[in-house]
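Hello,

Here is the structure I promised to pass on. Please have a look at it first, and then read my notes below.

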Amino acid sequence: MAKAAKPVYSLHGKRVWVNGYRGMVGAAVVRRLQSESCTLLTTTSEEVDLRRQSDVEAWMAANRPQAVFLIAATVGGILANDTRPAEFIYDNLAIEANVIDTARKTGVEKLLFMGSACVYPREAPQPINEDCLLTGPLEPTNQWYAVAKIAGVKLAQAYRRQYGCDFISAQPINLFGPGDNFDLESSHVAAALLSKAHAAKADGKATFEVWGSGNPVREFLYVDDAADALVFLMERYSDELPINIGPGQVLTIRELAEAIARVVGFQGAPTFDASKPDGMPKKLLDSTRLGRLGWKATTGLEDGLRKTYAWFLENVA
Ligand code: GFB
């Protein structure tokens, strides 16, 4: 692994705002920042509705964050994306525009906007590198969310160019981990299948249902690794090009379902519901640029799934 790039910004002694901290990623960033000597500021959507410009302006003027992790977003898995397009595009556009513009007005020193791997074209060459942004049509099931996230990347770039703000953006691949959403209608695949395999085992069933063909290929990153990468980038990256975050390993959804069955201790086999969408056929990020800066994921998939299942058993089941 490359030696870690020199820090370009220090969180030491800074007032650091992590929004969306009750979500899986925000909570993991808060956990990660506990080992940094900074003052943590957190907000939930009940405390500050980031879709309302006046609320954002009032909160930021009163609390004066110096560094911002812009994590808050309306998120969900393939079905939620496909069936709630207005929420996914409007909420995310409003959140990003309000926070980024107010960050400039209130003199925020550094802001990291969390994008998503779904910003890249459906037919992008694999592994997908950062230059593929806006080179082709998007995956239809999550185009609304993708358009909003692309706008966030562009906002960060525009504020760098016009105002010289040190705003950056990062694109993590599909995330999972403790604090994930396990609701079957709105969750992503890893949480959904952990929950379904658990229920099948508890009910003595022979199978659990997996949406689609099982053939899509995905890369998964454990959320605490993602949080570590976000903090790493906050301190060591300053450029207008968004930067990919992924461990570089892929598997099919069928293989994921089998790994989850092992972790849960479910003896049966998954079945596939072809009436449900597959979404993007393959999503693997080229994270070479991040690797060159000296960052690497450390949690293997099954290890991460085991930790996530332990959290599920304690908090949800
Ligand atoms: O995780 P997921 O919803 O997100 O689905 P995407 C990944 C794959 O798992 C798809 C399949 O091929 C799904 O059809 N899958 C199988 C399931 N069973 C299930 C299940 O029970 N629940 C879910 N949710 N999927 C997301 C975007 O796309 O990518 C998000 O929709 C986000 O907005 C994320 O950007 C990175 O990988 O298809």
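Leu134 sits in the loop that runs between β4 and α5; helices (H or I, at least four residues) and strands (E, at least two) are DSSP runs, numbered from the N terminus. Before I go on, a word on the source: this is a predicted model, in which local features need pLDDT of at least 70 and side-chain atom pairs count only at pLDDT 80 or more, while totals for chains, interfaces and linings use all residues. Residues are numbered from 1 along each chain as its sequence is written, and side-chain values use heavy atoms, with hydrogens and water left out.

Leu134 is not a glycine, yet its phi is positive, at about 60 degrees. With a relative accessible area of 55%, Leu134 is exposed; the classes are buried under 20% relative accessible area, exposed over 50% and partly exposed in between, with a 1.4 Å probe and protein chains only. The loop between β4 and α5 (143-163) is also the place of Pro127, and a cis peptide bond with omega of about -10 degrees joins Gln126 to Pro127.

Arg64 belongs to the loop between α2 (53-63) and β3. Arg64 has a positive phi too, near 45 degrees, and is not a glycine. It counts as partly exposed, with 44% relative accessibility. As background for these backbone angles, most residues other than glycine have a negative phi, and most peptide bonds are trans.

**What lies around the ligand?**

There are 23 residues around the ligand, and Ile78, Lys196, Arg218, Pro277 and Asp278 come nearest (near means that a heavy atom of the residue lies within 4 Å). By class, this shell has 11 nonpolar, eight polar and four charged residues. In that count, Ala, Val, Leu, Ile, Met, Phe, Trp, Tyr, Cys and Pro are nonpolar, Asp, Glu, Lys and Arg are charged, and the others, Gly among them, are polar.

A polar backbone atom of Pro277 is 2.6 Å from an oxygen atom of the ligand. For Lys283, a polar side-chain atom lies 2.9 Å from a ligand oxygen, and for Asn142 an N or O atom of the side chain is 3.5 Å from one. On its own the ligand has 700 Å² of accessible area, and the protein covers 97% of that (Shrake-Rupley method with a 1.4 Å probe; for residues, only the protein chains shown count as cover). The elements that give two or more residues to the shell are α3 (78-83), α6 (189-202) and β7 (207-211), and α6 gives the largest share, four residues.

β3 runs parallel to strand β1 (residues 15-19), joined by three bridges (strands pair if DSSP finds at least two bridges between them).

Why is helix α1 (residues 24-33) described as largely enclosed by the rest of the structure? Seven of its 10 residues are buried, so the helix is largely enclosed. The buried residues of α1 pack against β1, β2 (39-43), β3, β4, β6 (174-176) and α7 (223-236), where contact means heavy atoms within 4.5 Å.

Leu290 is part of helix α9 (residues 288-293) and is buried at a relative accessible area of 1%. Neighbours within four places in sequence aside, Leu290 is in contact with Phe232, Leu233, Ile243, Asn244, Ile245 and Trp295.

Thr308 lies in helix α10 (residues 301-315) and is buried, with a relative accessible area of 1%. A polar atom of the Thr308 side chain is 2.7 Å from the backbone oxygen of Gly304. Not counting residues up to four places away in sequence, Thr308 touches residues including Phe176, Leu194 and Tyr222.

Best wishes

Note on methods
Polar contact = N/O pair within 3.5 Å; in protein donor to acceptor, adjacent residues only side chain to side chain.
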